[in-house]
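Open the model in your viewer and keep the selection panel at hand. Each stop below says what to select and what to look for there.

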Amino acid sequence: MSIDRRSGCPINLSLEVFGDRWSLIILRDMIFGGRRHFRELLNGSLEGIASNILADRLKRLMELGLLTKADDPSHKQKAIYSLTEMAITLVPIMAQLGAWGRVWLPVTEELSIRAELLEKGGPPLWEQFMDELRHEHLGAPSKTPPGTPTVRQQLRAAYEEVVARKAEVPSV
């Protein structure tokens with residue numbers, strides 16, 4: 001792992017990994033959005049990342065050991081990106097960042113509902129989510145009972161519920 005070291009401080013070193021504008025957004029989209037292909041990451045980001053920046057950040061995240069890349073067995077010309085254990089363990093940090101942002105920043109209801117649910121679910125929900133990500137990205141056995149909605153499905157349903165409610169036209 002190649003990290004520029006200004007000091008051995010863990011906060012400084014972490015910022016040197018995630019301190020750019022895009023790395024956490026890419027990881028967010030993979031973790032919460034289930035995006036694993038270049039085009040999904042490029043076209044699915046609300047923030048509008050440029051393709052050259054995405055390619056550069058994916059390469060850097062792989063060099064740092066947060067992602068792996070493999071040929072996609074369903075399509076010869078596509079690659080599939082996977083989170084490593086190092087990236088999966090960011091779920092509690094992302095949950096805490098979302099909780100902090102909900103309190104202190106001008107968030108929208110539809111984009112903050114997932115953070116609210118993660119905050120309320122706390123460590124047990126984070127662990128369940130990390131187990132599901134390990135199954136999806138690392139091939140670990142699933143601990144989620146069959147027929148039970150995954151954490152990502154629950155977060156998506158909550159988001160869609162808020163979007164639908166906000167789209168309703170109030171009756172006059």
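Domain bounds here come from an automatic or database domain assignment. This is a predicted model. On that basis, the protein is divided into domain 1 (9-83) and domain 2 (85-171).

**Stop 1: the two domains**

Colour residues 9-83 and 85-171 separately. The C-alpha centres of domain 1 and domain 2 lie 19 Å apart. Now show the contacts between them: 17 residues of domain 1 touch 17 residues of domain 2.

**Stop 2: helix 1**

Select residues 10-18, which make up helix 1. Which residues of helix 1 are buried? They are N12, L13, E16, V17 and F18.

**Stop 3: helix 2 against helix 4**

Keep helix 2 (residues 23-33) and helix 4 (residues 51-63) on screen. Their axes come within 10 Å and cross at roughly 80°. Angles of 65 to 115 degrees count as roughly perpendicular, and helix 2 and helix 4 are therefore roughly perpendicular to each other.

Show side chains at the crossing. From helix 2, pick S23, I26 and L27. From helix 4, pick L54, R57, L58 and L61. These two groups meet. The residues of this contact divide into five nonpolar, one polar and one charged.

**Stop 4: D29**

Stay in helix 2 and select D29. Is D29 buried or exposed? D29 counts as buried, at 5% relative accessibility. Leaving aside neighbours within four places in sequence, D29 is in contact with G34, R35, L41 and S45.

**Stop 5: salt bridges**

Switch to charged side chains. The cut-off is a side-chain nitrogen of Lys or Arg within 4 Å of a carboxyl oxygen of Asp or Glu. By this rule, the count comes to 15 salt bridges.

Start with R165 and E109, whose closest N and O atoms are 2.2 Å apart. R165 counts as partly exposed, at 43% relative accessibility. E109 also counts as partly exposed, at 35%.

Next, select D131 and K143. They form a salt bridge with the closest N and O atoms 3.9 Å apart. D131 is in helix 7, while K143 is in the loop between helix 7 and helix 8. The two are twelve residues apart, and the pair links distant parts of the chain. Check the surface at each end: D131 is buried, with a relative accessible area of 19%, whereas K143 counts as exposed at 63% relative accessibility. Buried means under 20%.

Now go to R156 and E160. Their side chains meet in a salt bridge, 3.1 Å from N to O. How many residues apart are R156 and E160 in helix 8? They are four residues apart, so about one helical turn separates them. An α-helix has 3.6 residues a turn, so residues three or four places apart point the same way. Both ends count as partly exposed: R156 at 44% relative accessibility, E160 at 42%.

**Last stop: a network**

Select R28, D29, R35 and E47 together. Salt bridges that share partners join these residues into one network. D29 is the buried residue from Stop 4, and R35 was among its contacts there.

Conventions
Residues are numbered from 1 along each chain as its sequence is written. This is a predicted model: local features need pLDDT of at least 70, side-chain atom pairs count only at pLDDT 80 or more; totals for chains, interfaces and linings use all residues. Side-chain values use heavy atoms; hydrogens and water are left out. Buried means under 20% relative accessible area, exposed over 50%, partly exposed in between (1.4 Å probe, protein chains only). Axes are lines fitted to C-alpha atoms, for helices over the stretch in contact, and angles run from 0 to 180 degrees between N-to-C directions. Angles under 35 degrees count as roughly parallel, over 145 as roughly antiparallel, 65 to 115 as roughly perpendicular and the rest as oblique. Contact means heavy atoms within 4.5 Å. Ala, Val, Leu, Ile, Met, Phe, Trp, Tyr, Cys and Pro count as nonpolar, Asp, Glu, Lys and Arg as charged, and the others, Gly among them, as polar.
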